[in-house]
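Subject: Structure handover

Hello,

Here is the structure you asked to look at. Please open it beside this message; my notes on what was found follow below.

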Number of protein chains: 2
Amino acid sequence: MLRTLAFDADDTLWHNETHYAETQEAFRALLRPFHDAAWIDARLHDTEMRNLSRYGYGIKGFTLSMIETALELTEDRLDGAGIGQVVALGKAMLDKPVEPLPGVAEALQALAGAFDLMLITKGDLFDQETKLAKSGLGGCFSKVEIVSEKDEATYAAILQRHGIRPAAFAMVGNSVKSDILPVLALGARAVHIPYHLTWAHEVVASPEESPFPVLESIRELPALLASW
Amino acid sequence: MLRTLAFDADDTLWHNETHYAETQEAFRALLRPFHDAAWIDARLHDTEMRNLSRYGYGIKGFTLSMIETALELTEDRLDGAGIGQVVALGKAMLDKPVEPLPGVAEALQALAGAFDLMLITKGDLFDQETKLAKSGLGGCFSKVEIVSEKDEATYAAILQRHGIRPAAFAMVGNSVKSDILPVLALGARAVHIPYHLTWAHEVVASPEESPFPVLESIRELPALLASW
């Protein structure tokens, strides 16, 4: 019997990758006098991956990686005003309003009566708490777990901490790598709701026939759960 | 009966403010051609406070505030190499080893048999998890809470989540503002172990006669608790 239904946040409940993509577009424009777009993207991704073990996930680390990439790609010739623009890009991301994706508020309200709803999100603690507060969805969740990585060990620790059996737990999210595979590995259930963009770091090969349910929208979730 | 003994981390279990002070010293040296030390310090502090609601606590936000301050104080004349040095200062802080303060490992081992030990620390989730792992102290704590702010509401939520009565809880830390006053307000106990440096943001006026115990070193803690 399913009792606890956990949701990913970024790109499951609200837009996230879109903001990164828009910011990266502005970053490319800033460096266009020095390099072409593909090279800028590739170098930024390399810098992010190199810094991941130091900065973790989140906008502040992304901003620092943009600054580092800008200095590297211009051989320190980007001037102070240009660096200031990169700092401002990061701030603009942090200041963005957080609007739930279509159908999210209704789906959570419909499900809150039948299940214990949990939020499990990875990233910067302060950013994620701020986004949850801005989203207005905080009241839907009885438990909120903000973690630095979403792997099998993390999910196992969360289930143990709350005394939840895997058979009574399902995870809903947009990332096969972070929301689906580690949860299935524990013997729990998972529902994939893809977002139209996936960060390169989160991309994994998809099996030909999906061994887990894939929905187009969170609006389809109540009916799926009713069918279980 | 005291059952749960919670510890702050930064400047209670390991050095932290010292690293900020050393970094700020290097930052001042970088900007010395432009301004005097007191002015640089004041402007950096203003930038940090202005950004606190956006960045929260932690090294990445501090680094971004240093960059912003450097651009402001040089009217964008600090060159790319200079900005690169600020980025490197931030990375050096993140890469520092984490060595427990004298007596910490012994005190925790002595207390672990008698009490349930908890870590309650504020700041960047990823930074704090990394520091705990580097410190080698992780195994001492049955519960770790990394929070974005340490006020009365935060402590009340932690106690409720773990089913701990205030009378059975004591907090040990270096910050009167974050570790002592909000805990006393809940009717729990708190022990102050000052660190030789306190971040300006954490400074509160001290009462003439301390209504809570103040220790010189964590080495004195087991004896104090035995006397309760």
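Two residues count as being in contact if their C-beta atoms, placed from the backbone, lie within 7 Å. Please keep in mind that this is a predicted model.

How the chains meet

By that contact rule, 100% of the interface residues of chain B are also interface residues in chain A, so the copies meet through the same surface. Chain B gives 29 residues to the contact, and chain A gives 29 residues. On the side of chain B that touches chain A, two or more residues come from each of these elements of chain B: α2 (37-55), α3 (59-73), α4 (80-95) and α6 (125-135).

How the chains are related

Inside chain A

Chain A is divided into domain 1 (4-14 + 99-227) and domain 2 (17-95). The C-alpha centres of these two domains of chain A are 29 Å apart. Where they touch, 11 residues of domain 1 of chain A are in contact with 10 residues of domain 2 of chain A. The domain 1 side of that contact in chain A has 4 nonpolar, 3 polar and 4 charged residues.

Regards

Terms used
Residues are numbered from 1 along each chain as its sequence is written. Chains are lettered from A and ligands numbered from 1 in the order in which they are written. This is a predicted model: local features need pLDDT of at least 70, side-chain atom pairs count only at pLDDT 80 or more; totals for chains, interfaces and linings use all residues. Helices (H or I, at least four residues) and strands (E, at least two) are DSSP runs, numbered from the N terminus. Domain bounds come from an automatic or database domain assignment. Ala, Val, Leu, Ile, Met, Phe, Trp, Tyr, Cys and Pro count as nonpolar, Asp, Glu, Lys and Arg as charged, and the others, Gly among them, as polar.
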